[in-house]
Amino acid sequence: MFLQTLVTGLSIGGVYALMAVGYSLVFSILNFSNFAHGTIIMLGAYVGYFIISNLKLGFTFSLVGAIIGAAILAVLNVKLAYTPLINRRASSLYLMITAMGVSIFLENMVYVTVGSHFYSFPEIFKQTSIKFFNSDISPLDLWALVFSFISIYGLHLFLTKTKLGTAIRAASYDMTIASLNGVNMSRLISVVFILAGSFAGLAGIFLGIKYMVYPTMGWITNKAYIAAVIGGLGSLPGAVIGGILLGVIETFVSVYISSTIRDVFSFSMVIIFLVFLPAGLMGRHLEEKV
Amino acid sequence: MLKVQNINVYYGRIHALKDLSIDIDQGKIVTIVGANGAGKSTLMWTLAGVLKAKSGTMTFMGKPYPPNAHEAAAKGIVLVPERRRLYANLTVKENLMMGAFLRKDHEGIKKDLYYVYSLFPILKERTNQYAGTLSGGEQQMTAIARGLMSRPKILLLDEPSLGLSPIYTAEVFKTIQEINAQGTTILLAEQNAKKALEIAHSAYVLETGRMVLSGTGKELLSDPRVQEAYLGVRHKTI
């Protein structure tokens, strides 16, 4: 029972971490909470769903399609909605409000065009669980866990070992100086959104498979936001640790205490963090967070 | 090499540079002296492409001036800003490599890394340390080294001696001359007017956004107005 709960918690935590990483990447560069991120996750899930159930192309295509689709949408999002504001040197508060607007707009576009149906993915991972030390572990949880960890580790390698990744970290500290070093900031911002979008697509697929695909599924990113705050907004290791921590704690609370109190617990946790440790576990700066 | 004619630059609402003209010849050390708030940094940020001139003309190597910071960097105009502005979250080596961001000649980058390590041996010891943990002097060296890693055609140095001990200051000025001897043109903005004028081939005096004097370094060193205002020499009132 304990092991089973732990694996489930880790896998949910892994998906939270995927989402939180997208938040943190954008926050680290542009210093605002991109509330449209959840909507991109939702749209990624739709892309993946339609590829697998309407085009019948199989899981690999669905996964790749969702990642590419979400990445393209994320770039469109930044080019159409954020870039005009960034060029006018708008403060990050305006960017955040715009992100909320984008999120509401896209969600309602889905209602108008696709409708408010709930779609469930066809069976991809076998429902039969794997027996392991007297615990039943679902293959989906295992795969979600593996995919999250591999992709986050890949991102870590990209950010620490490549020139472009180093430029992203540099620009997250000082954008003006990065442009003095020859970094084309608008291009770098696009790269950041491609990364965040890809992670959104990946998270969208796993959320869609585990739960369902519907217009408001993006609101689950509230949890990813909590994870990012716990870990420290803008910090990538923080986002990962926050996500895993939240996933595991939530699962243990719902198994050992009560599943109705789960969300109360998560939101109380974020309040406690904001009061006592506002920078999160690994946060860097405290000035002006929106 | 770099020509600026009658530019006007506004910093918010403040008219920071007024009808300012300078002319920098290739291979020279040119110094801008002036008090706090005279507009030295504004001029530097404008030349680096971060601030925009409202009017006036600017050319670089006879061609129209690059329109923004990253294109200026690509053309070889490199600013080492006031107060270093290192990436504190990156290591010394990563900071230096950010200087070489636009370069693709791996051999050349390696060579230049050796060169800056030979200029500043202490940086080699600190290579994997986060830049935020360095002392002020070491940070200044890293900032200059990062600028050199861009292989600049012209190096804009804004207050390189700010906050440094006299020993470090002497070392920095010695290095500036060394870099210049290698063929890099240098524009130096300094409050330490005496030291700056001593090494300058030509110099300008900036006062509240206007160029009030220009000449060779020696001429300005012996100019009574400069001596009184910037070098602490008292002349008898006439």
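1. Let's start with the A–B contact: chain B puts in 20 residues and chain A 15 residues, where two residues count as in contact if their C-beta atoms, placed from the backbone, lie within 7 Å. On the side of chain B that touches chain A, helix 2 (69-74) and helix 3 (92-99) of chain B each supply at least two residues. That side of chain B divides into 14 nonpolar, four polar and two charged residues. (Nonpolar covers Ala, Val, Leu, Ile, Met, Phe, Trp, Tyr, Cys and Pro; charged covers Asp, Glu, Lys and Arg; the others, Gly among them, are polar.)

2. A word on what you're looking at: this is a predicted model, in which local features need pLDDT of at least 70 and side-chain atom pairs count only at pLDDT 80 or more, while totals for chains, interfaces and linings use all residues. Residues are numbered from 1 along each chain as its sequence is written, and chains are lettered from A and ligands numbered from 1 in the order in which they are written. Helices (H or I, at least four residues) and strands (E, at least two) are DSSP runs, numbered from the N terminus.

3. On confidence, chain A averages a pLDDT (the predictor's confidence in each residue, from 0 to 100) of 90, and 97% of its residues score at least 70. The stretch to watch is 286-290 of chain A, where pLDDT stays under 50 and the model has eight contacts beyond four places in sequence. Where pLDDT is low, the predicted coordinates should not be read in detail.

4. Staying with chain A, helix 2 (residues 37-53) and helix 3 (residues 58-87) pack at about 145 degrees, their axes 8 Å apart. Axes here are lines fitted to C-alpha atoms, for helices over the stretch in contact, and angles run from 0 to 180 degrees between N-to-C directions. Among the residues making this contact are Ile40(A), Gly44(A) and Gly48(A) of helix 2 of chain A, and Gly65(A), Gly69(A) and Leu73(A) of helix 3 of chain A. By class, the contact of these two helices has 13 nonpolar, seven polar and no charged residues.

5. Over in chain B, a domain assignment (automatic or from a database) gives domain 1 (1-76 + 154-238) and domain 2 (86-151). Their C-alpha centres lie 24 Å apart. Twelve residues of domain 1 of chain B touch nine residues of domain 2 of chain B. Helix 7 (166-181) of chain B gives the most to the domain 1 side, with five residues. That side has eight nonpolar, three polar and one charged residue.

6. One sheet of chain B is open, with four strands in the order 2-1-4-5 and antiparallel pairing; strands pair if DSSP finds at least two bridges between them. Strand 2 (14-24) and strand 5 (63-64) of chain B each have a single partner strand, so one side of each is left without a neighbour in the sheet. Strand 4 (residues 53-60) and strand 5 of chain B pair over two bridges, and Thr59(B) has Pro64(B) as a bridge partner. Helix 1 (residues 40-47) of chain B packs on this sheet, its direction making about 65 degrees with that of strand 2 of chain B.

7. Another open sheet of chain B has six strands, ordered 6-7-8-3-9-10 with mixed pairing. Its edge strands are strand 6 (77-80) and strand 10 (210-216) of chain B. The twist averages 15 degrees from one strand to the next.
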